[in-house]
Amino acid sequence: MGLLRVMMPPKLQLIALLAFAVAMFFLENQIQKLEESRGKLGKFKGLQPQSHPVTTLQHHRRLERAIARHEVREIEQRHTQDGMRERDSAASSPSEGEDDLVIIYNRVPKTASTSFTNIAYDLCGKNHYHVLHINTTKNNPVMSIQDQMRFVKNVTEWREMKPAFYHGHVSFLDFTKFGVKRKPIYINVIRDPIERLVSYYYFLRFGDDYRPGLRRRKQGDKKTFDECVSAGGSDCAPEKLWLQIPFFCGHYSECWNVGSQWALEQAKYNLVNEYLLVGVTEELEDFVMMLEAALPRFFKGATELYKTGKKSHLRKTSEKKPPTKESIAKLQQSAIWKMENDFYEFALEQFQFVRAHAVREKDGELYLLAQNFFYEKIYPKN
């Protein structure tokens, strides 16, 4: 070094000293890493230095490969544990998206809507959502344009009420017309059109067992449905059948033109494209079961409640007498009945199609099918 100091310029001497210091630091660092590696591999038998001759370089390479495998296993184990914790957390608490859900049940009168709605009331506390009744003046199913705006704003922006289940005798309202990004989920139930009209006819005169003391609009009129049909009365006229189609058709003027073919087609279109599920009164239990499977955030426990509670036959129209074959045949001659029945059969076929792909029957009991899809070939590989 004394010779270096004499022969080399000061700048080169400084550079040489720095290079020497860096090399020493790197060497010490590698030695320290090697010692740490030996400590990690204390549990790996057979990888410690052997009595037989093995070069230092070969031994170091074996150590490095073992460390790499060990670290990979540790990472995979951590990822597995994290994934299990995430799944457990998701199963124990609803997702943020579920807490933002809104369901609208624009219930058609006399289709067992009270029975179904009271199931929602019984479950809302347990399943943590809100139920809101849409009570329109004089039960008018068509909202004014300003009320449509108010209603859409409430449904989409009323955060304190979410998740929410809205129900009421209102016709379908297309939320896309109002620039809404996330539309509510529509559900509904319909009924054989003549059976629904007969039930409504007697309900207006005698009420039901739900609120027996309430005075109804036609109370005191003792005329039977058959007598009304025979006399050509207005309360049993074919025009009174025109209700389920306009409820699904919506807030367009043509929807409420009795006998409109356009309204029928629009109602079918909305049923298929805008409603998650439309059940039928005659098969209400199946409807409840399928909703519980599809929307457990709202309907968990609904099927058992329907079967064992008092909700399956909550509301019965009083003094109702089945119509004669002659009365039915007379109504079935009308073009209006044919259109309403067409819509009912269309809804029934769609419901049975959905049910066939969701449930099976065994020993007289229905049970839900398990998940029938899975994911594979997931890329990129991590």
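**Backbone geometry, core and cavity of the predicted model**

P163 sits in the loop between helix 5 (145–157) and strand 3 (164–167); helices (H or I, at least four residues) and strands (E, at least two) are DSSP runs, numbered from the N terminus. The K162 to P163 peptide bond is cis, with omega near -5°. The model is predicted, so local features need pLDDT of at least 70 and side-chain atom pairs pLDDT 80 or more, while totals for chains, interfaces and linings use all residues. Residues are numbered from 1 along each chain as its sequence is written, and side-chain values use heavy atoms, with hydrogens and water left out.

A cis peptide bond also runs from Y379 to P380, with omega near 0°. P380 falls in the segment after strand 7 (365–368). Positive phi values occur at two residues described here. K110, not a glycine, has phi of about 60°. K110 lies in the loop between strand 1 (102–105) and helix 4 (113–127). Its relative accessibility is 14%, and K110 counts as buried (under 20% relative accessible area; exposed is over 50%, partly exposed in between; 1.4 Å probe, protein chains only). N139 has phi near 55° and is likewise not a glycine. The loop between strand 2 (130–133) and helix 5 holds N139.

The protein has 14 helices and seven strands. Of its 382 residues, 39% are buried. Among contacts (heavy atoms within 4.5 Å) with a separation of 6 or more, 72% join residues 24 or more positions apart.

The largest nonpolar core contains 77 residues, and F165, F248 and F299 have the most contacts inside it. Such a core is a set of buried Ala, Val, Leu, Ile, Met, Phe, Trp, Tyr and Cys residues joined through side-chain atoms within 4.5 Å. Helix 14 (residues 335–356) gives this core its largest share, eight residues. Helix 14 has 22 residues and spans 31 Å from first to last C-alpha, close to the 32 Å expected at 1.5 Å a residue (1.5 Å times one less than the number of residues). Its buried residues include W337, F343 and F351. F248 touches F343, and also F172 and Y275 among others, not counting residues up to four places away in sequence.

One cavity of 30 Å³ or more was found in the whole structure. The largest cavity holds about 50 Å³ of space. On a 1 Å grid over the protein atoms alone, a cavity is a set of points where a 1.4 Å probe fits but cannot get out; lining residues have an atom within 4 Å of a point. Grid points are joined across faces, edges and corners, and the volume is the space filled by probe spheres set on the points. Q148, F172, L173, D174, K177, H251 and Y252 line the largest cavity.

Conventions:
1 Å grid on protein atoms, 1.4 Å probe; cavity = no way out; pocket = protein on both sides within 12 Å on 5 of 7 lines; lining within 4 Å.
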